[in-house]
Amino acid sequence: MKYFLFVLLMSFSAVTFAVEEAQTFHNEQQAKLFKELSLELRCPKCQNQNIADSNAVVAKDLRDKVIELVKKNESKDYIVDYMIDRYGYFVHYKPPVTASTLVLWILPILFVLIGFGSIVFRQKKSSLKQDWSDKDEDKLSKLILKYQNTSVEDKQELS
Amino acid sequence: MSSDNKKSKLVFAVPLIIFLLLCVFLFKGLFSNPRELQTGRLGQAVPAFTLPDLMVDDKLWSDKDLAGKVYLINVWGTWCTTCLVELPYLTKLRERGVNIIGLYLEQGYDPDFDGEFNIQALRDEVSQMLARTGNPYQYNIFDLNRSLAFDLGVSGAPETFLVDSKGVILLHHTGDLNERIWRAKFASKFTELKEVKL
């Protein structure tokens, strides 16, 4: 019975929460945009949290501002720029390519290129090193013949 | 064979060089302060505002009142412990001739829950605190809804902005202002502006 009550209460609280969320915006699109932005904008006070995740006063102010601008039907780019104007590039989780962030973009590509490059380079090098002359070919065919024969003899012996 | 040798040495050197560069980059990162945030407003004018005075009824301040001199905007609050530490130093700066305007940042007020704001209680608190530490401020702008603070890119208190006589924001410092920070960040700008010789 206790368990049943618990589940009942939990489900009710979830329902009210969902209604509250939906009431805030005029349409589905705005709600979606708000959700997107609150995950993408970074709380200036708390290093590794987005504004949806943080309860800092400034995060709440940012959320309220996003709601206000979304309700005015502003575009996503406009809202992101609005925040960057005030809080700098720090506030957006997608840093633009600048001189100081270049290393973040280039390094992974560089690693992959160098990795594959070195594999290809090594393979080429090792395949080039095997010089194969007619003499070697002769030797090989002799060896093949020899061991073919012995194996045939072996079989005969066995039988 | 020797040119081959050189080549392979070079190939081995490339990852080493990249590794060393990365080390330099990350080593520098060790000493960078992640709390050191810069407003996006640097080099721009102070955003337009009209806000009431903290201590005087019916007195309004706007961005136009600030124009014409070099000054600091100091963001603070009675709830902020670091401000309590910083205030005596700011008072010293004022005695040395630096104009400081306070932006009082109200932390927790939410009109939906708290009802009407009790300004008298806050004024008493402010007077008490400034009596203890000295009063560095020419006057205080009261930003109840944190609107100017938001437009300035303030994320907490204390924070300090340096504004020149044209109303352009030159510096933004998050955290307390002390002698060391003043010398490292502010003093040279101030002498450049020839407002005060320090």
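This is a predicted model: local features need pLDDT of at least 70, side-chain atom pairs count only at pLDDT 80 or more; totals for chains, interfaces and linings use all residues.
## Domains and chain contact

Chain B is split into domain 1, residues 1-32, and domain 2, residues 50-193. Taken over C-alpha atoms, the centres of these two domains of chain B are 49 Å apart.

Between the chains, 16 residues of chain A contact 17 residues of chain B. On the chain A side, helix 3 (57-71), helix 4 (76-87) and helix 5 (102-129) each contribute at least two residues. That side of chain A consists of nine nonpolar, two polar and five charged residues.

## Annotated transmembrane regions

An unreviewed UniProt entry annotates residues 102-121 of chain A as "transmembrane region". In the model this span of chain A is 100% helix and 0% strand, with 27 Å between its end C-alpha atoms.

For chain B, UniProt (unreviewed entry) gives residues 12-31 the annotation "transmembrane region". Those residues of chain B are 95% helix and 0% strand, and their end C-alpha atoms lie 30 Å apart.

## Nonpolar cores

The largest nonpolar core has 33 residues, and the members touching the most others are B:V75, B:L103, B:Y104, B:L105, B:I141, B:A149 and B:F161. Elements of chain B that each supply at least two residues of this core include strand 3 (71-76), helix 3 (81-95), strand 4 (100-105) and helix 7 (179-193). Leaving out residues up to four places away in sequence, B:L105 touches B:V75, B:W76, B:G77, B:D143, B:R146, B:A149, B:V154 and B:A157. A second, separate core has 17 residues, among them A:F34, A:A59, A:Y87 and A:V91.

## Backbone geometry in chain B

Most residues other than glycine have a negative phi, and most peptide bonds are trans. B:D58 has a positive phi near 65° and lies in the loop between strand 1 (50-52) and strand 2 (60-62) of chain B. B:D58 counts as exposed because it has 6 C-beta neighbours inside 10 Å. B:R146 also has a positive phi, near 60°, and sits in the loop between strand 5 and helix 6 of chain B. B:R146 is buried, since 21 other C-beta atoms lie within 10 Å.

The peptide bond from B:A157 to B:P158 is cis, with omega near -5°. B:P158 is in the loop between helix 6 and strand 6 of chain B.

Helix 5 of chain B, residues 119-133, has 15 residues and spans 21 Å from first to last C-alpha, close to the 21 Å expected at 1.5 Å a residue. B:G134 follows helix 5 of chain B and has a positive phi near 95°.

How values were computed:
Residues are numbered from 1 along each chain as its sequence is written. Chains are lettered from A and ligands numbered from 1 in the order in which they are written. Domain bounds come from an automatic or database domain assignment. Two residues are in contact if their C-beta atoms, placed from the backbone, lie within 7 Å. Helices (H or I, at least four residues) and strands (E, at least two) are DSSP runs, numbered from the N terminus. Ala, Val, Leu, Ile, Met, Phe, Trp, Tyr, Cys and Pro count as nonpolar, Asp, Glu, Lys and Arg as charged, and the others, Gly among them, as polar. A nonpolar core is a set of buried Ala, Val, Leu, Ile, Met, Phe, Trp, Tyr and Cys residues joined through C-beta atoms within 7 Å. A residue is buried if 20 or more other C-beta atoms lie within 10 Å of its own, exposed if 12 or fewer, and partly exposed in between; C-beta atoms are placed from the backbone. UniProt positions are given in the numbering used here, feature names are shortened, and annotations may be inferred rather than shown by experiment. The expected span of a helix is 1.5 Å times one less than its number of residues.
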